[in-house]
Amino acid sequence: IIAKYPDNHLFVFNYAVELYTAGYNVDSTKRPANSKELIQKASDMTKKALTMKPDYANAHMLMGQIIYNEAADIAAINAKIRPPQGGKLKPEELKKKEELRTQINKKYDEAIPYFEKVDALLGKQGKLKMEEKGYLKDSYDLLITIYEHKGLQDKATAYTEKFNNV
């Protein structure tokens with residue numbers, strides 16, 4: 001269908017959604033063997049949809065979600081580095097945890113503009129469709145989580161207010 005209608009951003013976007021749905025599961029043990037490839041292709045197709053239609057809020061939400069979930073995967077690895085009962089982490093484990101925290105923050109910084117673009121596109125519109133409200137609330141929810149993680153409570157509070165007003 002994409003080959004037949006190469007200028008239709010919806011087909012490209014919907015293909016990206018299907019790829020991501022096939023490749024990603026919150027439980028990393030339930031992901032298919034080619035998960036990384038499927039997620040990368042979903043990311044590529046989402047970026048293509050955004051070049052075709054830069055003001056497509058759904059694609060911004062999906063791109064932000066893909067990146068946010070990459071941060072969540074890194075956080076899960078970080079959480080597994082635990083000291084032994086009653087002990088302390090070794091210096092190399094502390095260094096690894098710090099490297100992982102840096103990677104998480106980098107992913108968050110990469111995801112923020114996509115969620116903020118959803119806000120810019122939908123946040124000031126009066127009446128939204130239910131689907132649009134869902135994307136907007138999801139964007140706000142993830143921005144709140146990101147800013148709380150980063151210790152930026154003022155930004156988290158601002159997005160909480162926006163979330164509550166959708």
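Helix 4 carries a kink of about 30° at A111, shortly before the proline P113, where the bend at a residue is the angle between axes fitted to the seven residues ending there and the seven starting there. The structure is a predicted model, in which local features need pLDDT of at least 70 and side-chain atom pairs count only at pLDDT 80 or more, whereas totals for chains, interfaces and linings use all residues. Residues are numbered from 1 along each chain as its sequence is written, and side-chain values use heavy atoms, with hydrogens and water left out.

Helix 4 comprises 32 residues, 91-122, and at 1.5 Å a residue it should span 46 Å, which agrees with the 46 Å that separate its end C-alpha atoms; the expected span is taken as 1.5 Å times one less than the number of residues. Among the residues of helix 4 that are buried are K97, L100, I104, Y108 and A111, together with I112, Y114, F115, V118, D119, L121 and L122. Here buried means under 20% relative accessible area, exposed over 50%, and partly exposed in between, with a 1.4 Å probe and protein chains only. The cover over these buried residues of helix 4 includes helix 2 (35-52), helix 3 (57-80), helix 5 (130-149) and helix 6 (153-164).

In the protein as a whole there are 6 helices and 0 strands, and the pattern read along the sequence is α-α-α-α-α-α. Helices (H or I, at least four residues) and strands (E, at least two) are DSSP runs, numbered from the N terminus. The C-alpha trace spans about 60 × 40 × 20 Å along its principal axes, and buried residues make up 37% of the 166 residues. Of the contacts between residues at least 6 apart in sequence, 60% join residues at least 24 apart, a contact being heavy atoms within 4.5 Å.

Two packed helices are described by the angle between their axes and the distance between the axes. Axes are lines fitted to C-alpha atoms, for helices over the stretch in contact, and angles run from 0 to 180 degrees between N-to-C directions. The axes of helix 1 and helix 2 come within 8 Å and cross at roughly 160°, and the two helices are therefore roughly antiparallel to each other. The contact is made by residues including H9, V12, F13, Y15 and A16 of helix 1 and M45, T46, K48, A49 and M52 of helix 2. Angles under 35 degrees count as roughly parallel, over 145 as roughly antiparallel, 65 to 115 as roughly perpendicular and the rest as oblique.

Within helix 1 (residues 9-23), H9 counts as buried because its relative accessibility is 15%. Leaving aside neighbours within four places in sequence, H9 is in contact with A49, M52, K53 and Y56. F11, also placed in helix 1, counts as partly exposed at 29% relative accessibility. Not counting residues up to four places away in sequence, F11 touches I1, I2 and Y5, while its C-alpha atom is separated by 8.6 Å from that of A49, 38 residues apart along the chain.

Helix 5 and helix 6 pack at an angle of about 160°, with their axes 8 Å apart, and are therefore roughly antiparallel to each other.
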